Structures are given as C-alpha cells and as structure tokens.
Amino acid sequence: MYFNCRHRIRTGILCTALISVVVLYVSAQPFNFTTYSLGEGLPQSQVFAAIQDSRGYMWFGTQGGGVCRFDGLRFETFTTADGLPSNYISALFEGVDGRIWVAAGSEAGYYDGKKWYKLPPLSAPVNAFGLRPNGQVLMGLGGGKGFVSYRAGVTSPFSVDGASAAPTVYTLFQSGPELWAGTNQGAILAGRSPRRITTQQGLPVNQVHAIACDSDNRLWLATPGGIAVTDPARKKVVQVHRDDRLFNAMCMLADGDGNIWVGTTDHGLLIWSSQNASWTQLGEQQGFPRNHVRSLVCDHTGHVWAGTSGGGVVRFVAQPFRHFDRGDGLSGNRVYAVFEDRSGKIWLSVSQDGLQVFDSSGIRPFTRDSGYLKVKCKTIAEDESGRLWVGTEGKGVTVFDSAGMHVWTSATGLPSDWVQKIVRDPAGNLWLSTALNGLAQVGFAGEDSFYIKRIILPEVFSGQQITSIAVDASGKLWYATQNGVVGWIADGRPGGTSGKKDGLPGVPIRCMAFDAAGVLWVGTKGEGIFRSVGDAAGRMQFESIRLKRPLISKNIYLLMFDPAGNLWAGSEIGVDRISFPAAGAAGEFRHFGKYEGFLGIETCQDAAISDKSGNLWFGTMNGLMKYTPTQRSAMRYPPLLHFQNIALFYKELGETPFAGWMDGRGGLREGLELPYDQNHLSFEFRAVDLDNPDGIRYRWRLLSGQDTAWSPLSQQQSVNFAGLAPGQYSFQVQASSDGLLFSAPLSASFAIRAPFWANWWFRTLCAVLLLGIAALIVYARIRRIRQTEAAKRSRLEMQNQLLLLEQKALQLQMNPHFIFNALNSIQALVGTGDASAARREIAAFSKLMRGILSNSRRQRISLREEAETLDQYLRIEQFCQQNKFSYAIHLPENIDPDEIEIPPMLLQPFVENAVVHGIVSLPYEGLIEVTFQFEQVAETGLLCCTVRDNGVGREKAAALQQERKPGHASVAVEVTRERLAALKNGMGYRELEYRDLKDAEGKIGGTEVTIRLPAAVNY
C-alpha cells in the first residue's frame, strides 16, 4: 500500500540554521572523576596524606579516622586500637623495605605488614618523610627543628649543608637520587652537594610548601607568593606563576602527560596544561567536592588522586571515557537513542522526556515538539534533505523540518505506532521496523514529497517482532526477529532467511552491524555474537565468533564498528572492544566497566554511534558515555602482585626457625633449604588493580626441574603444597584482570633437602654394607652348610666307625680260646658221666651266647643287662679256669640300673683281660671286682665302670703274654678304646685310665681299669 503526501519545505531557512551551528564540543566538566567518602567506606572525609605503596594499595591518612588502605574495592582502616600512634595523620611514606610510615604531630611510627610500631615522641611535629641514599628514613620537622634520621630503631638529628640554622621543614620531595626539602629557608637539596634556592635566585618568598618536577626536569616550587619554576642546573628561577589562586598551594604533582596539578586550601585544584600553557581550575563550582585540597598522588597507571578536607578522596579516571548525567544537563538517566546529524550535533532520546541536543553550548532540551515526545523514543534518523525522523513507542514517527513538526501514525499509513528503528539505505530511502506489524519503506519523490510502503514478510513471520534492522553496502535491508531468524529484502521484496539450521542459536537477536568487508555480525540474547561466513542455497550461514577467552557477558545489546575496525559490543555490564589480529585468528577483547571509566554500566539497545571525529557515543541506563580514542587509552597495566603470607605447616614462616629467609616484603630470599620433613608449604598472594578489582584472576605453577603448565585462571588467592619430595622448587604466580595481560611472575624459590639416608654417599654405604652383609650371610650359610655337611660326614664316619668297631668287637669279644675251653670243660663233664653238671653248664653257655647275640642287634642296652652278661661270662670263666677266683659286680645305688642305657659289649674285653692276664697265673685265689657309678651330666649321664683285680699287674702280665705268644697283640682292647673315644663326641672327660695297685710293701698287687662312657637315662 502506498501513502502519498507533499510538503512545502523551507529548505533554505533550515540549511541556514544548520550552518550556523559550530561543530565544536566543549564540556562543562572537563574532568572525569570518582569520589570516595564515608558512604564508600572511607573512615573520615578529611584526607591530609595519600600515597600508593609498591604493592599497589592506596593509603590515606585522615584527621580523626586513622589511616586506611584501599585495594579498589574496600577500605581497610587502622586506628590507635591497632597500634597506630594517633588517629590524626599528617604524612605518609613508604620505605625501601616496604614499611609504611605515618606522622601524627610529634609522633611517628611504621607498619611492617603485620603490626604497627611507635617511635619515641619527637621534639616537633613531623611534616614530611624522605629517603637518604643509604636507605635511612629522613623526617622533616616543623617549629625550626630541622631533620631527624631513623635507622635500626634509633632517631638522631640530621643537619643539611646550606641551611643557616635548623629550618622549619614543610615538605620533602624525591627527584631521582636527589632529595629536596621545602623549608622556611627556601628549597634545600639534602645531599652531599649543598644547593639552595631562595629569594636570591628569584623565589617570590622563602617559604616552600610543595615541590614537583616536570618532564623537563624543572622544579616547581609552591610558595605563598606564587609558584616558581626553577632550573636546578642553572640554580635560578626561570618563571613565576603569580595567579592569586595559587597563593595557598598545599601540594603539587606532575602527571604522566606533563601537566602540573596544584592543590590549594581555598580554590580547589589548579591544573597547568603543558600543551596549552594555561591554568584550569577545578573547584566546587565545577562539581569538585571541596575547594580545600590537602594531598595529591599519581598512581602507577597515571591516575591522579586528590585528598580533600571534608570531601573525601577524588580519583581522576585516566580512561578516555567521559560520563554525562543530570549534572551535565541531561533530563534523565536513560539515553535510548544517539544520533549525529550532518552538522555534527548529537541528538539524544533521554528517558521519556523527549529529545535533547548536544552541541558547542552543552546539553540542552529540544523544545520544538511542544512536549509531544514525552514518550520513549527508540530511534533517530535524518533523511537526505536534513529532516529529522524520530521513532516513538506508541506515537508513531515524528518528523521535524523547517516548517515544524509532522506526525505519522498507523492511521496515516504506518504499519504500527511502535517504531523500533529507522535506518537510511545508500539510495536515500528510509526503512522503519515496528514492534508488531513488520517493516515499512519510506521513499522520496523529490525534496518535498515521500511515500510509505509496507513490506509484507512471508507468512512464517506473522506476529513476529522485528528486533533490529541494518543496511549493507549494496542496499539490501537485513532484519532480525524475536525468534532468532535473520532475513533480507532487496528491491522491496523479501529474500532468503537464516535460522537455527544455519548456525544461529535460535534465541532473540537484538542488534546487527556490518564490517568494512561486508560481513554481517549479530548480537544475541544470552548466546553472544555470531558472524556470517557465506551462503548456501540462498541462505546466509553463521558461526559463533572465536575469542581467546569467553566474553564477560553474552547478553549483547548493541554492536558497532569504530574507524579502526574494532568491534564494540554493549551489554548489561559495560562495553567490550573486540579485535582480531589476523584473519581466522581468535579475537581478543578488553572490557570497560565501572572501574575502567564506563560509568553508564548498562547499555541501551542499538544506542551507539561513531561520530565524524572518530569519537564513540553510547546511550546507557545511567547517562551518556563518550569515548575519545587517544594513545593513552591504549595503555594497559597488569595488576600489581605480592605475597601476603608464606606458611610452613600452616605456621607463618616468620614465626619459624626459617624467619631469616623472608625478604621483608613477604617473599623469599634465594637459597632457602628446608629439611626433608619440613615439606608442607602454603603460599598466599594478592594482586591490586584499582581499575578493575573485580576482574582479577590468578594462575600459578610449581617448577621442579622441568616446565609445568600454568593452572587455570581462578579467584583463589592461596595454594598448598603438601608432602613435597626432595628437590629444587620455584613457585610462580601471575595475576591478570582481563585474561590477556599478565603481571610478571612472582617467584619464591626453595629447596627440600633429601634425608641423610637418601644421599648418594649413604646409599653407597648402605649398598656396600648390604653387599657385605649379604656376603657374610652367604659365607655364613656356606660355612654352616659346610659345617653341617662336615658334621653329617663326621657323624656318618663315626657311625660307620662305630659300626665297624662294633663288628670288630663282636668278632673279638668272645675269645676263641674261651669258647674252646668252655666247650672242652663241658665235654670233660660229659666224659666223667656228670650229665647234670654238663647240662647246667651247657645251659649257662647257651644263655651267654643268646645274650651276646641279642645285645649285638641293639644300639643300647640297660646297665642291668650288661651286668647280667658280665656275670654269666665270669661264671663260665670260673668253670673253665684251673685257678680259682671269685668276683663281685657292684651296681650304682643312686639310680635304677634298668634306667641307664649304654652301648653293648664295651666292658667285656676289660673283664676278660682281668681274668686271662691278671689272675690266671696267680698261686693264690684271684679276685675280680666290677663297680659301676653314675653321674648326671646335662640331659645325659656319665657312667664310670671300674674293673679291679688282684693279679700280677700290667708289666708282668705283658711279659707272661710275650712268653706264651711272642709278637701277639690283642686288638680287642684297642677296638674298645676307639669305640670309647668315638662315643665321647667332644665331651671333656678321660674315657680310659689304667692304674697299678700296690700292697703295703709297695709291690704291685693288681690292676685297676676305669672306663667312662656316656649313658642315657630312660625314665
């Protein structure tokens, strides 16, 4: 459907009005700062001293609230309850050892990271701290008391060459190796080469309250008569700034851009621009919280902090963002649409208060609508004729030209009164997207007429809300819907569409943008950013963009490319600047939120533009944000990282015997070696990033002879290592606020000593000892085996010998002559006819033979059996021998003979010798006595047997034997002797003894033989 209308436009008048606008923007508030006071946690609003320590913390000394430390998120306060000398702090300083020094009147003290220490009271108030080249802390005193130095717990007076008397010291300033003192006698160089700048060198007055050094190494000296710029090398003042606003200067500093900041007691801040060579005042009239400034400090990233008396601490954000809110003229906080017209004016749709214009005069309301636009206006555009088109929610489109205001609604041809976005294509046509009924094209037939054409989308889009539109370089209109579909229109006719099957996530698409190469980028609700990668069968294909780390938020409200080709994505928590270093490479991004200066926080849908000067403008839910690209805006700083604590078995290392290895700043000195059983270490670390404290993440690794991968990024601020094996270790940790730029590794190296038993020499010794022990064991085993085998062999040999001896004894025990004589005697009885006696003797002889044969088959017999055998033998010998003799056998009285066991047939040869050699030749009756005695020895016993006769003695018996049988040697006794020796088995006794018996006259009258042998007791 076409709607045709014509307008008579006073084009000349409109052009004249537009040309008269100067394309220049001067901000009513030239500085972007954040104030911290009681509401943010500052303990007291009067801040008279401020420093940043080497760990990155900001320290603020207050008047009544003590001193506090700030990490970007929270304030940690120290008061007299914590050991602070006083709650009224006038000066702060950090020494080379990391100690934080405080001055409070005539009292001073320091903080070593764990506790506060007080110095004895001094003779005058301490106004400033400095550092001597030897590391001593120098304190400048008021009241004409000069200086005192501190070292190793002792304070002592310190004189400065060049001072006529002890001066009153107002400030101390470190300029490289030089320490300058601002005194009532001018500026004095407190060093070996005395130098002094006074009124003689051009100072307005000799009272120097503050000192700064600019990029040209010129000293700026603040005095009650103005600020003098001096050339120290020439020892003269080269310029004096006598602006009366500078007369009450209390502090000064030079920032990284070469500007000089001066804090005064009544005019706020005055800033000297090195580029413009002019002063700019920032006081209460310009929005600064107080005109009384007492301290200035520049942090390591270049941000300036100002401590005020009553207004807290002010931080000047060095980021290139400028925030505009109600204080700058906005009628509300929410900026729904941003647009730059051809003249360079910035048009804003603010809350539901209509339009506002941002030009050289600042932000001012647009009143030509006469209050009609008191609704949410989502989009602003300009046609080729300079007419301004405003899309509203519920009131259609409003057009402004030189003739006035014109309203077009659904009643006059619009698809809907809820207009979401208006864009212009290369041909000059305007395209409108509406919330409910799709799209419309606005065409122009000359300068004074236009028509509206509704675009009928495919049936599948019926009822679907169009969420965003964009035009490519060829003039195609691209649209996105609530259900996640992207489509295009060419020559007024719908073309192809792409959806979930083509790589899109199927969630609402909020925004679209084309890059210089014509690639379409889309931002989604909760699924991040996608880009087109070509088409197939008329449908565009998409893929999710590849980034080195995930976006902080995937809830994308706006997309825009800046002149450098970077993609800017807005979300509910700020904006991200995304860049791709090479085609196909993973992208990198930097996030800008509250702490990076993007104070608007939540962006509004599609409310972003890049103006003709390259500045970026963002409409947010908390005002308007402007980004001005500068070289400084590209500078990034990693967090400052330090160790908070190192513990050994959960006890601080400083409280252990290894406390001397602490380096004074929480780390470790090189060379720490711990015993093998002191191997449980804990590391606590902390990073400070004042720009992005919420984004700090850590990664760490423990190196031990080889490279180890870093841990994943984490918010964890401590690591425990238990049961470390002996070796060399190096713990390393890094911090990052964006996942791309990391701090230098913070290291702590140490070693775990091996136990003495794990050292090579001990292992070698143990190996040698083990080998020796093994050799001894083997040797002992072999020796024992040999001994065992030798014992076995000896036992076998002994048993064999005993067996042989027993065989010999059996062969020799019964003398053949004895048997012959016995049988002849029996035969004689038979011949005489004495049959009874013959039978008796035959029975006795046979009994003796049976006993001998029976005993020969046994290893042991009882003593009684042995005695019975001897008795039978002696009876038969009595029968056979012609010489009469008698005998007696005496058994032991202390034991039953049946319980004593001895080898058989050992005693018979000795009894036989007593009969045959002892008494057979006697002219008188012989006597043989056999006596047994038993002695208990250990588990066995010793049997002592004595055979005594009253015969001729051994000598005569031997002679008689020689006469009867020359050369005959009886072997029975020798065999028995060998048996007795074998039976000893190492026991310590004499087995056989002979003794000649003598009568009263001393003549030999018999022989006594003592036989000893082991006997077992069998109870």
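Reader: Hi! I'm looking at Y650. Is that residue buried or exposed?
Author: Hello! Y650 is exposed, because its relative accessible area is 60% and anything over 50% counts as exposed. Keep in mind that this is a predicted model.

Reader: Got it. Where does Y650 lie?
Author: Y650 lies in the loop between β58 and β59. Its phi is near 65 degrees, a positive value in a residue other than glycine.

Reader: And what about F649, where is that one?
Author: F649 is also placed in the loop between β58 and β59. Its phi is positive too, near 50 degrees, and F649 is not a glycine. With a relative accessible area of 40%, F649 is partly exposed.

Reader: How do the strands on either side of that loop run, parallel or antiparallel?
Author: Strands β58 (residues 640-648) and β59 run antiparallel, and two bridges join them.

Reader: Which sheet do they belong to?
Author: An open sheet of four strands, in the order β59-β58-β61-β63, with antiparallel pairing. At its edges are β59 (651-652) and β63 (718-721), each of which pairs on one side only.

Reader: What holds paired strands together in general?
Author: Strands of a sheet pair through backbone hydrogen bonds.

Reader: Nice. New topic: how many aromatic pairs are there?
Author: The search of the whole structure finds 56 aromatic pairs. One of them is F60 with W305: the ring centres are 5.9 Å apart and the planes are at 40 degrees, so this pair is tilted. The two residues come from distant parts of the chain, 245 residues apart, with F60 in strand β4 (residues 58-62) and W305 in strand β28 (residues 304-308). Both F60 and W305 are buried.

Reader: What about Y110 and Y117, how do their rings sit?
Author: That pair is stacked, because the planes are at 25 degrees, with the centres 5.2 Å apart. Y110 is buried at 9% relative accessibility, while Y117 is partly exposed at 30%.

Reader: Which aromatics form a cluster?
Author: One cluster includes F643, F683, W700 and F750, among others.

Reader: Which rings have a charge over them?
Author: F589 is one: the charged end of R549 sits over its ring, 3.8 Å from the centre. Y989 is another, with K984 over its face at 5.6 Å from the ring centre.

Reader: What makes up the nonpolar surface patch?
Author: Y676, F756, W757, W760 and W761 make that patch, which is about 630 Å². W757 sits in the loop between β65 (746-752) and α2 (760-813) and is partly exposed, at 41% relative accessibility.

Reader: Last topic, salt bridges. How many does the structure hold?
Author: It holds 33 salt bridges. In one, the side chains of K612 and E340 meet at 3.8 Å, N to O. These two are 272 residues apart, K612 in the loop between β55 (603-610) and β56 (616-620) and E340 in strand β31 (residues 335-340).

Reader: Are those two buried or exposed?
Author: K612 is exposed, at 56% relative accessibility, whereas E340 is buried, at 16%.

Reader: What does K421 form a salt bridge with?
Author: With D606, the closest N and O atoms being 3.4 Å apart. K421 lies in strand β39 (residues 419-424) and D606 in strand β55, so the pair ties together parts 185 residues apart in sequence. There is also a network, where salt bridges that share partners join E929, R948, R995 and E1008.

Note on methods: Residues numbered from 1 in each chain as written. Predicted model: local features only at pLDDT ≥ 70, side-chain atom pairs only at ≥ 80, totals over all residues. Heavy atoms only, no water. Pairing = 2+ DSSP bridges. Patch = residues over 30% accessible without salt bridge, like charges linked within 9 Å, V, L, I, M, F, W, Y side chains within 5 Å. Areas by Shrake-Rupley, 256 points an atom, 1.4 Å probe, with all protein chains shown as cover. Salt bridge = Lys/Arg side-chain N within 4 Å of Asp/Glu carboxyl O. Buried < 20%, exposed > 50% of the residue type's maximum accessible area, 1.4 Å probe, protein only. Phe/Tyr/Trp six-rings, centres within 6.5 Å; stacked < 30°, edge-to-face > 60°. Lys NZ or Arg CZ within 6 Å of the ring centre and 35° of its normal.
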